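Subject: Structure for your study

Dear colleague,

Please find below the structure that I was asked to pass on to you.

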Amino acid sequence: MDIAERRLPQDGRGTFNLEGREYDLRVSIIPNMFGESVVMRILDKSGSGKELEDVGFSPELMKKFVSMITRPHGIVLVTGPTGSGKSTTLYSVLKKIRSPEKKIITIEDPVEYQMDGITQFSVQSDIGFTFARGLRAFLRHDPDVILVGEIRDTESAEIAIRASLTGHLLFSTLHTNDSVSAPLRLIDMGVQPYMVMSSLIGVLAQRLVRVLCPRCKIPRKPGEKLLESLQIKNIPPVINTFQPVGCPECHQLGYRGRMAVFELLEVVPEIRRLPSEQMLPDNIRQIAEKYGFISLRDDAINKWLSGLTSLQEVISITAE
């Protein structure tokens with residue numbers, strides 16, 4: 001970044017070592033009325049080593065998701081806001097499926113984590129190396145799996161879908177609030193509905209919740225009125241709920257670490273057969289629920305009832 005420039009927004013990055021671990025630092029600066037506002041993101045490079053089993057999937061969701069990411073072709077999307085762990089999940093997917101027989105190529109903005117055994121590229125818009133241009137070039141290199149950092153516009157969406165229709169497995173991220181809104185978002189970008197439904201395998205929406213500190217958390221059983229107000233469909237026979245307290249080990253926060261909460265949409269044949277004018281989130285959700293669809297809210301509540309997080313965390317990410 002230019003330290004003498006204070007009138008324009010700037011983005012920069014760097015690395016530093018702390019206690020033997022390497023971290024990436026992402027810095028964004030925007031000018032304001034009284035100076036500059038700075039936001040920094042700290043990325044632990046060891047995050048690329050996280051196993052898919054350790055991300056936070058329930059056994060049932062894990063089985064369904066693995067069946068999607070091991071298909072020979074199609075598109076699997078991960079949605080959620082900035083900082084919701086999408087990149088960590090996708091790198092865990094690549095670690096799960098990579099092998100010497102598979103050629104895996106990624107194009108990102110920028111490359112989040114470096115991983116052995118795959119070919120990685122970083123977008124450079126200033127010289128014209130965009131997601132769309134990179135995708136076109138990658139298809140000539142005969143990859144088996146392609147990871148696109150983000151589908152941002154119509155051009156990259158159309159190329160990604162065409163790639164999946166010609167025998168490639170493609171992973172990417174999309175900015176939507178939930179999984180059932182992803183097909184409509186692609187259609188709004190200008191992609192033909194029949195192309196979306198013929199290529200899309202599944203959509204994983206996720207958020208992050210803080211994990212209760214195992215050392216200081218204390219039991220707190222919820223009352224019947226609270227459970228009724230939350231409209232929980234299947235209350236387990238054993239409820240192990242806790243609340244945060246705070247201790248020196250968790251720096252008096254009551255939490256240590258974070259875990260993901262998921263919502264997985266499987267694009268079943270009944271959804272694919274929907275007429276274009278009926279491809280609405282509510283219609284897709286109604287069909288998905290017949291096939292065991294679990295919403296973000298339900299998954300968060302299940303993690304609370306299992307004693308992994310607190311009710312405050314559940315409400316903070318799922319309150320409507």
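The following paragraphs set out what was found, beginning with the whole chain and ending with single residues.

This is a predicted model, in which local features need pLDDT of at least 70 and side-chain atom pairs count only at pLDDT 80 or more, while totals for chains, interfaces and linings use all residues. Residues are numbered from 1 along each chain as its sequence is written, and side-chain values use heavy atoms, with hydrogens and water left out.

The whole chain

The chain has eleven helices and twelve strands (DSSP runs numbered from the N terminus: H or I of at least four residues for helices, E of at least two for strands). Its radius of gyration is 21 Å, close to the 20 Å that the globule rule gives for 320 residues, so the chain is as compact as a globular protein of that length. This radius is taken over C-alpha atoms, and the rule is 2.2 Å times the number of residues to the power 0.38. Along the principal axes, the C-alpha atoms fill a box of roughly 60 × 55 × 45 Å. Of the 320 residues, 45% are buried (under 20% relative accessible area; exposed means over 50%, and partly exposed lies in between, with a 1.4 Å probe and protein chains only). Among contacts (heavy atoms within 4.5 Å) between residues at least 6 apart in sequence, 66% join residues at least 24 apart.

Two pairs of helices

Two packed helices are described by the angle between their axes and the distance between the axes. Axes are lines fitted to C-alpha atoms, for helices over the stretch in contact, and angles run from 0 to 180 degrees between N-to-C directions.

Residues F65, V66 and I69 in α1 meet V93, K96 and I97 in α2. By class, this contact of α1 with α2 has five nonpolar, no polar and one charged residues (Ala, Val, Leu, Ile, Met, Phe, Trp, Tyr, Cys and Pro count as nonpolar, Asp, Glu, Lys and Arg as charged, and the others, Gly among them, as polar).

In the second pair, helix α3 (residues 131–139) and helix α4 (residues 154–165) pack at an angle of about 20°, with their axes 8 Å apart. Helices α3 and α4 are therefore roughly parallel to each other. Their contact is made by F131, A132, L135, R136 and L139 of α3, together with E155, S156, I159, A160 and A163 of α4. These residues divide into seven nonpolar, one polar and two charged.

Single residues

S92 lies in helix α2 and, at 1% relative accessibility, counts as buried. Leaving aside neighbours within four places in sequence, S92 is in contact with K50, E51, L52 and V55.

A288, in helix α9 (residues 281–289), is buried, with a relative accessible area of 6%. Not counting residues up to four places away in sequence, A288 touches L265 and F293.

H251 lies in the loop between β11 (242–243) and β12 (255–266) and is exposed, with a relative accessible area of 65%. Although H251 is not a glycine, its phi is positive, at about 60°. Q252 lies in the loop between β11 and β12, and its phi, near 65°, is a positive value in a residue other than glycine.

Yours sincerely

Note on methods
Parallel < 35°, antiparallel > 145°, perpendicular 65-115°, else oblique.
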